[in-house]
Amino acid sequence: MTKPPLIHTESRRHARIIAIWLLIGCALVASTVILGGVTRLTGSGLSMVDWEPVSGVVPPLSAEGWEREFAAYRDSPEYRLMNQGMSLAEFKRIFWFEYAHRVLGRVIGLVFIVPFALFLWRRIIPRALIPRLLLIFALGGAQGLLGWWMVQSGLVDVPRVSPYRLTAHLALAVLVYALLLWTALTLLRPGVGHAEPGSSSDDGLRRWSAVVLGLAALTILSGGFVAGLDAGFVHNTFPKMGDDWIPPDLLAATPWWLNLFENRSTVQFDHRVLAMLLLASGTALWWVSARRAGRAARRWAHASFVAVWAQATLGVGTLLLFVPIPLAALHQTNALVLFTALLGLTFELRRR
């Protein structure tokens, strides 16, 4: 069979095909992040005590298979110290969350590598784009290894995953998501040399948007520490933390910087402060963008305004109601919605 002819890589049709592929990857990564949050909220993350990249795709299919899986879990510290006496039916409920999370990660790998190889063979990927796609693939592989490294931290005497490793796992997922989405937008909305009529040329607005996007990412990572330490279960009042505006044990740990990562009161306080800063700066960014930016950027600005206020409302509700799983999962989901809207806004403001 002869090789297909070289296809012009600037073709808009090919660009749309690649962009759609990347957006499917975005949706899968977002689903994995959301499912990972639910896995954490339901206490399911340590239910699978082995990492089997290939054979682990097949779940237990018989009573004997389930007994073997359950026996392995009963040897874990989590069962001995926290879930002593758990029934097989109860184990299955937590197992399926972690199993789905792991399988979805493998699906992402297949959805990326198979079309990537096909597109390379058809020569429809621009040469300048190949290094970035390879980087994304490498980061995705590292994400799987990082996830298992995170789980290993909880398979010891203290059955709790390290909040540092959990937040690193979350950070890498957000980075992969951002790279996929930005690349897809670049293909769908090439803007070099033709600014949209009426779009803002204000460098200050573009920088401001990037800062707010960074603040949103930082707030998401702060939420990783909140989840890792179960810090949402302390000081379930708002706007005060108990009877105080600032918790009295804010700097209880030494050295002082450990409070930022290991003191539950401080971690929750920091998350509150970041969330309020994000609400204020996101609202101001919307106000200015709605008047000075182009039509496409305004749409993203409106979406970010709705998302940032929804996020604040969901966060306060989750706190006051002692972290109900459905509401907490919705809070985590909307965090990605807000991040997406701010990334889209930043992208449009940077277009020429």
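A cluster of aromatic residues is linked by ring pairs: W66, F70, Y73, Y79, F91, F95, W96 and Y99. The model is a predicted one. Across the whole structure, a search finds 24 aromatic pairs.

Take W66 and F91. Their planes stand at 85°, so the pair counts as edge-to-face. W66 sits in helix α2 (residues 63-74), while F91 sits in helix α4 (residues 88-122), so this pair ties together parts 25 residues apart in sequence. W66 is buried, at 8% relative accessible area. F91 is buried too, at 0%.

A second pair is F112 with F116. Here the planes lie at 25°, so the rings are stacked. The two residues are four apart in helix α4, which separates them by about one helical turn. Both F112 and F116 are buried.

The two pairs are set out below.

| Ring pair | Centre distance | Plane angle | Arrangement |
|---|---|---|---|
| W66 and F91 | 6.4 Å | 85° | edge-to-face |
| F112 and F116 | 5.7 Å | 25° | stacked |

Now to the surface. Which residues gather in a patch of positive charge there? They are R12, R13, R16 and R122. Helix α1 (residues 12-41) gives the most to this patch, with three residues. R16 has its place in helix α1. Is R16 buried or partly exposed? R16 has a relative accessible area of 41%, so it counts as partly exposed. Buried would require under 20%, and exposed over 50%.

How values were computed. Residues numbered from 1 in each chain as written. Predicted model: local features only at pLDDT ≥ 70, side-chain atom pairs only at ≥ 80, totals over all residues. Heavy atoms only, no water. Patch = residues over 30% accessible without salt bridge, like charges linked within 9 Å, V, L, I, M, F, W, Y side chains within 5 Å. Areas by Shrake-Rupley, 256 points an atom, 1.4 Å probe, with all protein chains shown as cover. Salt bridge = Lys/Arg side-chain N within 4 Å of Asp/Glu carboxyl O. Lys, Arg positive; Asp, Glu negative; His and termini not counted. Charge placed at Lys NZ, Arg CZ, Asp CG, Glu CD. Buried < 20%, exposed > 50% of the residue type's maximum accessible area, 1.4 Å probe, protein only. Phe/Tyr/Trp six-rings, centres within 6.5 Å; stacked < 30°, edge-to-face > 60°.
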